[in-house]
Amino acid sequence: AALFRIEGVVILLTLPLFCFYQQPFKEGLHQFLNVISIFLLSLIVGLLFLLKYDHFFSAFGKLASLSHYLDIAYYLDQLKTNSNILSDNILNKYSEGYATLILISGLLVMMFVKLAKSFSISYLLIYALSFKHSLHQLPSNTRRYHHLLYYFLLINILVLTVFLLWQYFLSSRYMGMALITLLLLSSYTMSSGIERLWQRKNVIVLGFISLALFYNFADAVIQSASKTYIKNTALWAAHHLPSTSKVMT
């Protein structure tokens with residue numbers, strides 16, 4: 001994935017840093033080198049291909065755009081331009097100084113609302129119903145993995161924030177990794193809570209949870225309308241519209 005998507009590179013470079021978490025530096029460094037050894041080997045092989053084949057680089061040219069996301073001046077210019085729009089056209093003279101704060105906080109709130117909505121109301125309901133009855137104390141042998149998931153979620157939130165401040169747009173399909181991580185983090189609370197509810201024969205709460213789980217199942221198996229007509233329309237237009245016609249497809 002790192003060869004085709006920018007966030008794959010970020011995860012590949014930052015996730016191994018977890019090896020230094022709660023252990024001596026020497027041991028952490030040994031694990032870190034083990035983890036990135038395949039990446040380093042792949043990098044060497046990739047460089048050899050780059051030297052031999054010019055077209056090899058164009059196939060993975062998207063990786064070059066990583067430097068664009070590190071352009072701090074672009075973020076500052078975007079913030080200044082959009083903050084000026086807010087202060088000049090929306091805010092009054094007493095609050096125009098807060099335009100940048102309102103802009104950034106509004107974008108971040110939008111991201112977290114999209115994250116919650118994409119996680120689905122049903123999972124949020126199951127988590128809320130099972131939270132009170134769950135075993136909140138994680139088994140000692142799993143806490144380190146739980147911390148790893150929190151770190152992984154933090155990396156994904158950072159990636160989404162950078163993209164949001166670059167494009168001023170965010171689609172729920174970009175949140176796949178963060179959503180999977182949220183599900184893994186909440187699964188212990190939900191499963192232990194449901195198990196204790198089952199043992200106590202709490203029929204009413206289990207009934208609500210069953211409905212929420214059935215909704216998830218139904219939502220997964222029911223497909224929306226196919227979008228192949230978009231491709232078919234473009235192909236039809238390419239073969240039937242005259243070359244002089246001014247139609248965009």
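Which helices are among what covers the buried residues of helix 9? Helix 6 (121-131) and helix 8 (176-199) are included in that cover. The close-ups below start there.

This is a predicted model, in which local features need pLDDT of at least 70 and side-chain atom pairs count only at pLDDT 80 or more, while totals for chains, interfaces and linings use all residues. Residues are numbered from 1 along each chain as its sequence is written, and side-chain values use heavy atoms, with hydrogens and water left out.

**View 1. Helix 9 and its two sides.** Helices here are DSSP runs (H or I, at least four residues), numbered from the N terminus. Helix 9 spans residues 203-221, 19 residues in total, and reaches 27 Å from its first C-alpha to its last. That is close to the 27 Å expected at 1.5 Å a residue, where the expected span is 1.5 Å times one less than the number of residues. Val 205, Leu 206, Ile 209, Ala 212 and Asn 216 of helix 9 are buried; buried means under 20% relative accessible area, exposed over 50%, and partly exposed in between (1.4 Å probe, protein chains only). An α-helix has 3.6 residues a turn, so residues three or four places apart point the same way. Now look at the other side of helix 9: Val 203, Ile 204, Leu 211, Phe 214 and Phe 217 are exposed there.

**View 2. Aromatic rings in pairs.** Twelve aromatic pairs turn up in a search of the whole structure. Rings of Phe, Tyr and Trp (its six-membered ring) pair if their centres lie within 6.5 Å; planes under 30 degrees apart count as stacked, over 60 as edge-to-face and the rest as tilted. Phe 119 and Tyr 123 make a tilted pair, because their ring centres are 5.5 Å apart and their planes are at 35 degrees. Phe 119 counts as buried at 11% relative accessibility, whereas Tyr 123, at 24%, counts as partly exposed. Phe 163 and Tyr 174 have ring centres 5.1 Å apart and planes at 75 degrees, so this pair is edge-to-face. This second pair links distant parts of the chain, with Phe 163 in helix 7 (residues 143-167) and Tyr 174 eleven residues apart from it, in the loop between helix 7 and helix 8. Tyr 174 counts as partly exposed, at 26% relative accessibility. Elsewhere, ring pairs join Tyr 69, Tyr 74, Tyr 75 and Trp 166 into a cluster.

**View 3. The nonpolar cores.** A nonpolar core is a set of buried Ala, Val, Leu, Ile, Met, Phe, Trp, Tyr and Cys residues joined through side-chain atoms within 4.5 Å. The largest one has 23 residues, and those with the most contacts inside it are Tyr 69, Met 111, Leu 115, Leu 160, Leu 170 and Met 175. Helix 4 (72-89), helix 5 (99-119), helix 7 and helix 8 each give two or more residues to this core. Leaving aside neighbours within four places in sequence, Tyr 69 is in contact with Ile 6, Tyr 75, Val 162, Phe 163, Trp 166 and Gln 167. A second, separate core has seven residues, including Met 190, Leu 206, Ile 209 and Ala 212.

**View 4. Two loop residues with positive phi.** Gln 22 lies in the loop between helix 1 (6-14) and helix 2 (25-52). Its phi is near 55 degrees, a positive value in a residue other than glycine. Lys 201, in the loop between helix 8 and helix 9, has a positive phi of about 55 degrees although it is not a glycine. Gln 22 counts as exposed at 62% relative accessibility, and Lys 201 counts as exposed at 66%.

Notes: Contact = heavy atoms within 4.5 Å.
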